[in-house]
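Hello,

Here is the model I promised to pass on to you. Have a look at it first, and my notes follow below.

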Amino acid sequence: MNRRRAFIALAALLPFGKRASAQANAHVSTTDPLIVSFTKGASVMPGRVKLELPNIADTGYSVPMTVRVQSPMTEADHVKTILVMAEKNPLRDVCWFYLGPRAGKAEVSSRIRLNGTQRVVAVAQLADGTFWSDAVHIDVREAACTDGN
Amino acid sequence: MAQARILLPERVRRGELVEVRIVIQHPMETGFRHDAFGSRIPRNAIHSLACRYNGVEVFRATLGTGIAPNPYLRFFTRAVESGELEFWWLDDDEVEGTARATISVL
């Protein structure tokens, strides 16, 4: 009985533990210098961040982008920094947004350049020092960063 | 001199979220393009931008050539009192730009 109970408890714990460890850094590489310079080695959990981009962009010259983070934006719990990274752009860090409790809502939009079909990643740092991420794949029919030569 | 247009809701109540939108006239030159003679067009992009609400910074961004020309930004701030939103930015040619808009809080 004791053994069975222990086994059930273990079985109940296992999938969650496994999933959590598998999910950490799902969208980023821990050896990526750009990510390391931001996270200082902390793990980046998928979730809480929502990156919105169209599925297909006819040109990469100007693509509407919205990044949104689930946060009450209070003095104790708010989003500090958001990094948007386009993995195939010549300069991958597209933009960094610095927010605070005065923002009221962690949502920022802009229009970005994309150098071809690629994955775009958003990483957010919260006030408690944790990092969260989201990644979106976008089909870009005509890349920016070319001048037709 | 760069020019900008700021869009704010006409009036907001104290404590409400304010949607702030700004478009700045700027080429955001990447430095990867060449002119008709084959020489490289030097990079010139707005790299820093900040927004102050009655002197207190409420939003800051580090931008780059990954931002489309005539950069557009939309973000939120909570209405605390009537006053001024003041934007400041700096590009690679060390040219500063500023723009301001009044915010009226009921």
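A word on terms to begin with: helices (H or I, at least four residues) and strands (E, at least two) are DSSP runs, numbered from the N terminus. Counted that way, chain A has two helices and nine strands, in the order α-α-β-β-β-β-β-β-β-β-β along the sequence.

Some housekeeping: this is a predicted model, in which local features need pLDDT of at least 70 and side-chain atom pairs count only at pLDDT 80 or more, while totals for chains, interfaces and linings use all residues. Residues are numbered from 1 along each chain as its sequence is written, chains are lettered from A and ligands numbered from 1 in the order in which they are written, and side-chain values use heavy atoms, with hydrogens and water left out.

Chain A has 149 residues, and 43% of them count as buried (under 20% relative accessible area, with a 1.4 Å probe and protein chains only). Taking contacts as heavy atoms within 4.5 Å, 62% of those in chain A with a separation of 6 or more are between residues 24 or more positions apart.

Now to the rings. Phe, Tyr and Trp (its six-membered ring) pair if their centres lie within 6.5 Å; planes under 30 degrees apart count as stacked, over 60 as edge-to-face and the rest as tilted. This gives five aromatic pairs over all chains. A:F38 and A:W96 are edge-to-face, because their centres are 5.1 Å apart and their planes stand at 85°. That pair joins helix α2 (residues 33-39) to strand β6 (residues 93-98), 58 residues apart, and both A:F38 and A:W96 are buried. A:F38 also pairs with A:F131, again at 5.1 Å and 85°, so this pair is edge-to-face too. Here helix α2 is linked to strand β9 (residues 131-142), across 93 residues, and A:F131 is buried as well.

What happens between the two chains? The contact takes 25 residues from chain A and 31 residues from chain B. Ring pairs link A:F97, B:F59, B:F75 and B:F87 into a cluster. Charges also sit over rings (NZ of Lys or CZ of Arg within 6 Å of the ring centre and within 35 degrees of the ring normal): A:K105 over B:F76 at 4.4 Å, and B:R60 over A:Y98 at 4.3 Å. Finally, the interface has one salt bridge (a side-chain nitrogen of Lys or Arg within 4 Å of a carboxyl oxygen of Asp or Glu), formed by A:E107 and B:R74 at 2.7 Å, N to O.

Best wishes

Key:
Buried < 20%, exposed > 50% of the residue type's maximum accessible area, 1.4 Å probe, protein only.
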